[in-house]
Amino acid sequence: GTSPPRMRLLMLAGLAVCCLSAPPTFRVRFDVETTDGPGSFEVEVHPEWSPLGAERFAALVQTGFYDDTRFFRVIPSFMVQFGLSGDPALNAKWRANQIKDDPVVESNKPGYMTFAKTGAPNSRTTQLFINYVDNARLDGMGFAPFAKVLGDGMAVVKKIYNCGEKPNQGQIQNEGNAYLDKNFPELSKIVKATIVTAKEEI
């Protein structure tokens, strides 16, 4: 019986090929201030669900784009939206830098995070939303989740101040935090978003 070890080798080689092609998952921690005070939650990013979305998200986190930003659209029966910079110049820069759509692999389940977009194709830029409920109806509209909130993180996400849809997105784009802090000082905020290294997880 010399065949089993050889078969096992071939299987291992196949396994290596399969798994090297998909980028590994990674985690991002959001330090936030909600109606409950300071807190944090982590998301696990799955590039295989939405490769271009995951890549854009990583680039934005690494450049500090989400630091000191506000949760400006909150619908408890639907989702919470964020991802406009407090700096109008940064909004202008990234708004012109859209990414192509990814096929929808995962469904918009509670706690799953997805890029917002317009009705036009290839319109994702920086805005994100976290699903509060099962929003599977968004799947057919091309909204591709790329991450999910871990553990009991949704307990923190659900403490985000409910501002409804009052803040004007055009004014946030053009005036940033100056507009929001003057007109909506009670908004919950992201203090910092950080990629969590494996070392910190141990």
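Modeller: Let's start with a sorting rule: Ala, Val, Leu, Ile, Met, Phe, Trp, Tyr, Cys and Pro count as nonpolar, Asp, Glu, Lys and Arg as charged, and the others, Gly among them, as polar. By that rule, the lining of the largest pocket has eight nonpolar, ten polar and three charged residues.

Biologist: And what kind of model is this?

Modeller: It is a predicted model, in which local features need pLDDT of at least 70 and side-chain atom pairs pLDDT 80 or more, while totals for chains, interfaces and linings use all residues. Residues are numbered from 1 along each chain as its sequence is written, and side-chain values use heavy atoms, with hydrogens and water left out.

Biologist: Why is F129 called buried?

Modeller: Buried means under 20% relative accessible area, exposed over 50%, and partly exposed in between, using a 1.4 Å probe and protein chains only. F129 has 4%, so it counts as buried. Across the protein, buried residues make up 45% of the 202 residues.

Biologist: What makes Q81 one of the touching partners of F129?

Modeller: Contact means heavy atoms within 4.5 Å. Leaving out residues up to four places away in sequence, F129 touches Q81, and its other partners include M79, V80 and A116. F129 and A116 are 13 residues apart in sequence, yet 6.4 Å apart in space, C-alpha to C-alpha.

Biologist: How do you know that β5 and β7 pair?

Modeller: Strands (E, at least two residues) and helices (H or I, at least four) are DSSP runs, numbered from the N terminus. Two strands pair if DSSP finds at least two bridges between them. β5 (residues 79-82) and β7 (residues 128-131) have four bridges, in the antiparallel sense, so they pass. In β7, F129 is the bridge partner of Q81. β4 (residues 73-75) also passes, because three bridges join it to β5.

Biologist: Which way do the residues of β5 point?

Modeller: M79 and Q81 point one way, V80 and F82 the other, and all are buried. In a regular strand, side chains alternate between the two faces of the sheet.

Biologist: What makes a space a pocket rather than a cavity?

Modeller: On a 1 Å grid over the protein atoms alone, a cavity is a set of points where a 1.4 Å probe fits but cannot get out; a pocket is an open set with protein on both sides within 12 Å along at least five of seven lines. Lining residues have an atom within 4 Å of a point. The largest pocket has 21 of them, with Q81, A116, K117, T118 and Q127 nearest its centre. Helix α3 (88-95) gives the most, three residues.
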